[in-house]
Amino acid sequence: HYPFNHGIAVDQNDNIYFGEYDCTQRPNKTRIFKGARDGIEWSMVHEFSPGEIFHIHAIKYDSFRDLLWISSGDRDEESKLMYIDKNRNKVEILGSGDQGWRIVSLITTQNFLYWCSDNDKTGSNIYRYNFSNNKREKLAFVGKPSYYSTQLKDGTLVFSTTFEPNLPYSDVF
């Protein structure tokens, strides 16, 4: 039940959030916790019912929208991009249902969300979600799963790929 590397976020009020990452069984309940006052106070923010998701890949604070983005995986029906409202009490789904929504690392900008999927079945793609038309757009095929991304000071977006042994898109060099 440990958080994945990107499963930890800090909001504008210095609250820390983490989501459980459990690979031991299906179905399982998965929770998001909040720490406040430098970790002195802890509470459960949300609990996903067994079968709703498998585990949490990432939680990302979005300063442009004052939201927490939550991504989950791994099967199509478990792959979701969700968000918690500004009061941190209601989880909504932005997109779900296929490997394109299987996200480990998310980049937030004023007008878009960017990610490279963790699709180890048919190969990953770089996507963006466009807030002006509320659509997910496929930008490029990458192949290998991606766990990390960042935006440089000059605005350049960087996505890395990872090696996962014995998977179709990890053995190709």
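Predicted model: local features only at pLDDT ≥ 70, side-chain atom pairs only at ≥ 80, totals over all residues.
Follow the chain along its sequence and you get the pattern β-β-β-β-β-β-β-β-β-β-β-β-β-β.

**The whole chain**

Let's begin with the overall dimensions. Along its principal axes, the C-alpha trace spans about 45 × 40 × 25 Å. How much of the chain is buried? Of the 173 residues, 46% are buried. Then there are the contacts: if you take those with a separation of 6 or more, 38% are between residues 24 or more positions apart.

**A sheet of four strands**

Now zoom in on the start of the chain. Four strands make an open sheet here, in the order S1-S2-S3-S4, with antiparallel pairing. Which strands sit at the edges? Those are strand S1 (8-10) and strand S4 (41-48), each of which pairs on one side only. On average, and with direction ignored, neighbouring strands of this sheet are turned by 20° against each other.

Seven bridges join S3 to S4, and the two run antiparallel. S3 is also joined to S2 by four bridges, again antiparallel. Is S3 mostly covered or mostly open? Mostly covered, as five of its seven residues are buried.

You can trace a row across the sheet through Phe-33. In S3, Phe-33 stands opposite Phe-18, while the bridge partner of Phe-33 in S4 is Met-44. Further along, Ala-36 stands opposite Glu-41 in S4. S3 and S4 form a hairpin with four residues between them, and Arg-37 in the turn has a positive phi of about 50°.

You'll find Asn-15 in the loop between S1 and strand S2 (16-19). Why does Asn-15 count as buried? Its relative accessibility is 11%, and the cut-off for buried is under 20%. Leaving out residues up to four places away in sequence, Asn-15 touches Ala-9, Val-10, Lys-34, Gly-35 and Ala-36.

**Salt bridges**

How many salt bridges does the structure hold? There are eleven. Here are three of them, with the distance between N and O atoms:

| Pair | N to O distance |
|---|---|
| Lys-90 and Glu-92 | 3.0 Å |
| Arg-136 and Asp-98 | 2.9 Å |
| Glu-137 and Arg-128 | 2.4 Å |

Take the pair Arg-136 and Asp-98, which form a salt bridge. Arg-136 lies in strand S12 (residues 135-143) and Asp-98 in the loop between strand S8 (91-96) and strand S9 (106-108), so the pair ties together parts that are 38 residues apart in sequence. Arg-136 counts as partly exposed at 28% relative accessibility, and Asp-98 counts as partly exposed at 26%.

What about the other two pairs in the table? Lys-90 has a relative accessibility of 46% and counts as partly exposed. In the remaining pair, Arg-128 comes out at 22%, which means partly exposed.

Asp-74, Arg-102, Asp-118, Asp-120 and Lys-121 are linked in a network of salt bridges.

**A buried serine**

Last stop: Ser-79. Where is Ser-79? Its place is in the loop between strand S6 (67-73) and strand S7 (80-84). Is Ser-79 buried or exposed? Ser-79 is buried, because its relative accessible area is 0%. Its side chain reaches the backbone oxygen of Arg-75 at 2.9 Å.

Not counting residues up to four places away in sequence, Ser-79 touches Ser-72, Gly-73, Asp-74, Gly-95, Ser-96, Gly-97, Asp-98, Gln-99, Trp-101 and Arg-102. Some of these names have come up already. Asp-98 is the salt-bridge partner of Arg-136, and both Asp-74 and Arg-102 belong to the network of salt bridges.

Definitions and conventions:
Residues numbered from 1 in each chain as written. Heavy atoms only, no water. Pairing = 2+ DSSP bridges. Axes fitted to C-alpha atoms, helices over the stretch in contact; angles between N-to-C directions. Buried < 20%, exposed > 50% of the residue type's maximum accessible area, 1.4 Å probe, protein only. Contact = heavy atoms within 4.5 Å. Salt bridge = Lys/Arg side-chain N within 4 Å of Asp/Glu carboxyl O. Polar contact = N/O pair within 3.5 Å; in protein donor to acceptor, adjacent residues only side chain to side chain.
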